[in-house]
Amino acid sequence: MELKRVLEKYPKRQDCLIDVLLDVQNAKPTHHLTEDELKDVSDYLGLPESHVFSVVSFYSFFSMTPRGKHIVQVCRDVPCYLNDDFNVLETLERTLDIKTGETTDDGLFTLEYSSCLGCCDQSPVMRVNDTVYGNLTVDKLRAIIAEHRSDDDA
Ligand code: FES
């Protein structure tokens with residue numbers, strides 16, 4: 001990915017920050033941002049580096065460490081936490097054989113926490129890449145993971 005090519009798609013406006021950062025992050029198979037990229041983005045948009053770094057650390061959908069092809073994010077805000085009667089996170093840790101924050105050895109899945117995903121009425125909720133899944137059960141959760149695995153085998 002060429003950072004310059006991504007930046008040139010955007011006007012030099014500070015309100016483009018989140019879109020630019022998402023684009024830079026999603027353009028790479030590792031789905032993460034580096035310090036150098038944040039500095040280049042801050043130069044391009046004319047924003048202080050500290051502001052760009054604080055935005056990246058605030059939002060759970062940004063990462064400064066390399067991640068897998070599929071980013072699995074489990075909502076841990078109050079409604080999801082209260083309605084989680086089988087422990088979504090532990091079930092995923094067992095299914096993927098990794099701890100939260102880790103990536104599977106084959107580079108397919110990274111498991112993370114998330115703040116509210118905006119579907120509290122369907123809690124418990126998780127997101128895989130751009131798709132949000134609600135009303136999770138153990139069977140549903142395992143089927144979602146299996147589906148993403150088989151997509152990659154095809
Ligand atoms: S609290 Fe989980 S989606 Fe809102």
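Reader: Where is the place of V56?

Author: A helix here is a DSSP run of H or I with at least four residues, a strand is a run of E with at least two, and both are numbered from the N terminus. V56 belongs to helix α4, residues 49-58. The model is predicted: local features need pLDDT of at least 70, side-chain atom pairs count only at pLDDT 80 or more, and totals for chains, interfaces and linings use all residues. Residues are numbered from 1 along each chain as its sequence is written.

Reader: Is V56 buried or exposed?

Author: Burial is a count of other C-beta atoms, placed from the backbone, within 10 Å of the residue's own: 20 or more is buried, 12 or fewer is exposed, and in between is partly exposed. V56 counts as buried because it has 22 C-beta neighbours inside 10 Å.

Reader: Which residues does V56 touch, not counting those up to four places away in sequence?

Author: A contact means that two C-beta atoms, placed from the backbone, lie within 7 Å. By that test V56 touches L21, L33, L38, F62 and M64, residues up to four places away in sequence being left out. A C-alpha distance is another way to look at it: V56 and L22 are 34 residues apart along the chain, and their C-alpha atoms are separated by 9.8 Å.

Reader: Which residues are buried in α2?

Author: Start with the general idea. An α-helix has 3.6 residues a turn, so residues three or four places apart point the same way. In α2 the buried residues are V20, L21, V24 and Q25. They cover an arc of only 130° around the axis (the arc of the directions from the helix axis to the C-beta atoms), so they are on the same side of α2. These buried residues pack against α1 (3-7), α3 and α4.

Reader: At roughly what angle do the axes of α2 and α3 cross?

Author: Axes are lines fitted to C-alpha atoms, for helices over the stretch in contact, and angles run from 0 to 180 degrees between N-to-C directions. Helix α2 (residues 17-26) and helix α3 (residues 35-45) have axes that cross at roughly 145° and come within 11 Å. On the α2 side the contact is made by L17, V20, L21 and V24, and on the α3 side by E37, V41 and L45. Sorted by class, that contact has 6 nonpolar, no polar and 1 charged residues. Nonpolar covers Ala, Val, Leu, Ile, Met, Phe, Trp, Tyr, Cys and Pro, charged covers Asp, Glu, Lys and Arg, and polar covers the others, Gly among them.

Reader: Why does E35 count as exposed?

Author: E35 lies in helix α3. It counts as exposed because it has 11 C-beta neighbours inside 10 Å. Its C-alpha atom is separated by 19 Å from that of E8, 27 residues apart along the chain.

Reader: Which are the buried residues of helix α6?

Author: In α6 (residues 88-96) they are V88, L89, L92 and L96. Seen down the axis of α6, these fall within an arc of 95°, so they line one face of the helix. E90 and R94, on the other side of α6, are exposed. After α6 comes D97, with a positive phi near 60°.

Reader: What is phi of N129 near?

Author: Phi of N129 is positive, near 55°, in a residue other than glycine. N129 is in the loop between β3 and β4 (131-133), and it counts as partly exposed because it has 13 C-beta neighbours inside 10 Å. N135, also not a glycine, has a positive phi of about 50°. Its loop runs between β4 and α7 (138-153), and N135 is exposed, with 12 other C-beta atoms within 10 Å.

Reader: Which residues does a cis peptide bond join?

Author: Omega is the angle to read, and it is about 0° for the cis bond between S123 and P124. P124 is in the loop between β2 (109-114) and β3 (126-128).

Reader: How many helices and strands are in the protein chain?

Author: The chain has 7 helices and 4 strands, in the order α-α-α-α-β-α-α-β-β-β-α. Buried residues are 26% of its 154 residues. The domain assignment gives domain 1 (3-58) and domain 2 (70-153); such bounds come from an automatic or database assignment. The two domain centres, taken over C-alpha atoms, are 27 Å apart.
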